[in-house]
Every structure is written in C-alpha cells, then in structure tokens.
Amino acid sequence: MLVRLALRDFRNVERTSWSPGSGTQLLLGGNGAGKTTLLEAVYLLTTTRSFRTAQLADCCRNGQSAFHLRGEFGARPRRLELGWSAAGPRHRAVDGIEIPLAEHVAVQPVLAWTRAEGELLAGAPGVRRRFFDRALVSWRPGALAGLGRYQRALAGKRALLARGERRGLDAWNELLAREGAEVAARRAELVAALAAHLAPLAAETGLSLPEISIAYEPALPAALAGSAALGAAFAAQTGAELARRQPLAGPHRDEIAIRLGGRPARRGASAGERKAAGLLLLAAQARLLAAAGAAPLLLLDDLDTELDATRLAAVWRALAGSPQLLATSNRPEIWRPLPVAGRWRVTAGEVTAEAG
C-alpha cells in the first residue's frame with residue numbers, strides 16, 4: 001500500500017506530495033492535469049520502469065535534466081527512491097540501500113491498466129506476453145531473472161544470425177533452451193492458476209460477457225517438454241534461421257490466447273467488451289497475488305473509458321476488493337453512484353481531497 005508519494009521535476013510536476021488512504025482512491029481532473037503522471041511515478045518507483053516510455057530522460061520536467069521520486073509503502077513503511085540525472089547513472093534504493101532488482105520489485109507488487117493495455121485482446125501477441133509476464137514477476141519475483149537471461153541470450157543469437165554466422169549457434173541454442181524451458185513452465189503455471197479465478201470472478205460481478213478463457217500457446221510446443229526437447233526444436237530450425245538471418249520461434253513469440261465464448265476475443269467483440277474482459281483478467285491476477293500473500297497495489301488509468309455505467313459498476317466490484325486501488329478519470333459524473341473511499345482533485349500536478 002502506498003502511504004506517501006513525493007515527486008520532484010517529474011513530467012509536468014515541479015514538486016508535489018500525496019498521501020492517499022487505503023481502499024479505492026479516485027483521481028479526478030482534466031486532460032494534462034497530472035493524473036497519469038502520479039500513477040506513472042508509483043509504477044516507476046515499484047518496478048523501476050515507466051509504462052509510458054523506455055527513456056527515463058523523457059520523464060524530466062521541461063528545462064530540467066534530473067528528476068527524483070520517493071514513496072513509502074506498507075504497514076511498516078519501506079522507503080523506495082528512484083532518481084535520474086543526465087549527469088550520472090540512475091539511482092534506485094530501498095530504505096537508502098540499492099538491493100537486487102528482484103528484491104526491489106517484490107517490496108510492493110503492482111498491477112496496472114494503462115493505455116497500452118487497451119490493445120490486450122486485439123493487439124499483437126507481444127502485448128499479451130508483457131501483460132502476463134508482469135503478473136508473473138509479481139507472483140514469482142524470481143522469474144524476472146530468468147526472463148532477463150532469456151532475452152540476453154536471444155540478443156546474442158540474433159546478432160550472430162544477422163551476420164550469417166553458423167559457428168557459435170549451438171552454444172546460444174543450448175542457453176536459450178535452458179532459459180526458455182523455464183520461461184515456458186512458469187508461463188504455463190501462471191495461466192493455469194489465473195484460469196481458475198476467471199469463472200468465479202465473472203459470476204460474482206455479474207459482468208455481462210460471453211465466457212472468457214485463456215490458454216498458453218507456446219510458439220514451440222517442445223518448450224513444455226523440457227530443455228532437451230526445446231534444444232532439439234531450436235536445432236531443427238537452424239537452416240531456416242540462417243537463411244532468414246533471424247530467430248524464428250521460441251518463447252519470445254509465445255501467445256497467450258484470450259477467447260470470449262470460445263472465439264478469439266479480437267474478433268467480433270466490441271471495444272467495451274474487450275476492455276471489460278481485460279479488466280476481469282487484471283482482477284484475476286490481483287486475486288492470485290493476494291492468495292499468495294502478495295496483494296498488489298492496482299493502478300488504473302482512465303478506467304471508465306469505453307465502459308458504460310453497468311459494465312463500469314461490474315468491473316469495479318471485481319477490482320475494489322484490493323487493499324489499495326488508484327484510479328483516474330475525467331468524468332466525475334459517472335462515478336457518483338459507485339462506492340469510493342477517497343476522491344481527489346488533480347490540478348497542474350497538485351492533489352487535493354474532495355469533500356464527500
């Protein structure tokens with residue numbers, strides 16, 4: 001749970017601090033007011049990544065060359081800090097000490113719904129991999145290292161293939177097989193665990209949707225048979241990869257299929273149905289983490305867009321049981337009937353409590 005947040009020279013905010021309460025917290029304000037900036041700051045502090053940019057320099061306030069974030073999280077608050085400066089390396093710390101990344105992200109598990117997740121059901125497979133991998137890292141923080149090792153090995157193999165070199169490929173394939181089999185096993189475990197939460201959630205909330213289902217579909221099915229089988233599958237495609245000068249298949253091309261009523265969700269479903277289904281998946285992730293003793297902080301940007309009042313109320317029921325949820329909106333009228341623990345007005349980055 002976020003106890004206190006402080007920003008300096010971040011995006012459009014010169015300086016501000018905010019102390020939200022527990023439960024559901026709603027941030028209201030017009031476009032450009034700084035609502036998304038506050039969520040981004042929380043996400044960056046807890047994950048060390050932004051959900052808006054890969055370049056932290058983009059997060060500096062105009063005319064500045066550095067920013068600093070600080071947050072206190074938990075019942076016995078732990079202090080997370082993250083700073084960036086053009087003059088030196090990024091600074092991150094927990095209680096004043098830089099700790100391994102997997103330990104850092106485990107301090108406060110976080111799940112987010114942002115503009116990027118709008119493509120979850122209809123977009124490319126990479127959108128779904130990122131969505132589920134983020135939940136995987138929150139559920140099993142040790143998976144972060146394995147995902148990183150796989151990506152580094154893939155980059156090495158990709159560089160070799162780009163030069164058209166055969167020598168050295170066997171070594172890269174061996175490494176990729178070991179790490180890729182672990183990634184596949186963890187993804188399969190996650191999807192199976194999430195699937196068990198979906199039907200009960202849909203029934204509890206009364207969400208009017210065709211039955212939603214998810215399935216892990218590895219690009220190389222041999223990945224689920226272990227590293228030796230995956231290594232053989234990599235070896236079998238070596239000739240084609242050398243001809244194309246790029247890796248052709250592996251966990252980096254996996255699919256997590258999402259279906260509504262037995263059909264691919266990207267076909268036929270309306271934008272509102274797709275968003276409601278995606279938020280139900282997020283709620284399932286939150287349930288899974290809570291059951292594992294790592295209840296997440298939920299960050300929901302522009303939650304109400306593309307949702308009518310009935311669907312908004314249904315997904316709110318699915319999500320609102322979390323210990324803390326931070327949501328943004330620029331439509332205060334649609335929220336009046338819904339139970340919200342705290343309402344806040346954001347103006348030029350400043351946050352003030354609203355009465356009632």
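The largest pocket in this predicted model takes up a volume of about 1200 Å³. Its lining is made up of 43 residues, and Arg49, Arg130, Asp133, Arg134 and Leu144 come closest to the centre. Several elements put two or more residues into this lining: the helices α1 (35–47), α2 (101–107), α3 (125–139), α4 (143–162) and α5 (169–205), along with the strand β7 (110–113).

Next comes the second largest pocket, with about 550 Å³ of space. Here 22 residues do the lining, and those nearest the centre are Thr36, Arg52, Arg115, Asp301 and Asp302. Helix α1 turns up again, this time as the element that gives the most to the lining, with three residues.

On to the aromatic rings. A pair of such rings is described by how far apart the centres sit and by the angle between the planes. Counted by a cut-off of 6.5 Å between ring centres, the model holds six aromatic pairs. One of them joins Trp18 and Trp344, whose ring centres are 5.7 Å apart; the planes meet at 80 degrees, and angles over 60 count as edge-to-face, so this pair falls in that class. The pair ties together distant parts of the chain, since Trp18 belongs to strand β2 (residues 13–18) and Trp344 to strand β13 (residues 342–347), 326 residues apart. Both Trp18 and Trp344 are buried.

Trp316 and Trp335 make another edge-to-face pair, at 4.8 Å centre to centre and with 75 degrees between the planes. Again distant parts of the chain are linked: Trp316 lies in helix α9 (residues 309–319) and Trp335 in helix α10 (residues 332–335), 19 residues apart. With a cut-off of under 20% relative accessible area for buried residues, Trp316 qualifies because its value is 2%. Trp335 is buried too, because its relative accessible area is 0%.

Elsewhere, ring pairs join Trp113, Phe131 and Phe132 into a cluster. There is also a contact between a charge and a ring: Arg140 sits over the face of Trp139, at 3.8 Å from the ring centre.

How values were computed:
Residues are numbered from 1 along each chain as its sequence is written. This is a predicted model: local features need pLDDT of at least 70, side-chain atom pairs count only at pLDDT 80 or more; totals for chains, interfaces and linings use all residues. Side-chain values use heavy atoms; hydrogens and water are left out. On a 1 Å grid over the protein atoms alone, a cavity is a set of points where a 1.4 Å probe fits but cannot get out, and a pocket is an open set with protein on both sides within 12 Å along at least five of seven lines; lining residues have an atom within 4 Å of a point. Grid points are joined across faces, edges and corners, and a volume is the space filled by probe spheres set on the points. Helices (H or I, at least four residues) and strands (E, at least two) are DSSP runs, numbered from the N terminus. Rings of Phe, Tyr and Trp (its six-membered ring) pair if their centres lie within 6.5 Å; planes under 30 degrees apart count as stacked, over 60 as edge-to-face and the rest as tilted. Buried means under 20% relative accessible area, exposed over 50%, partly exposed in between (1.4 Å probe, protein chains only). A charge sits over a ring if NZ of Lys or CZ of Arg is within 6 Å of the ring centre and within 35 degrees of the ring normal.
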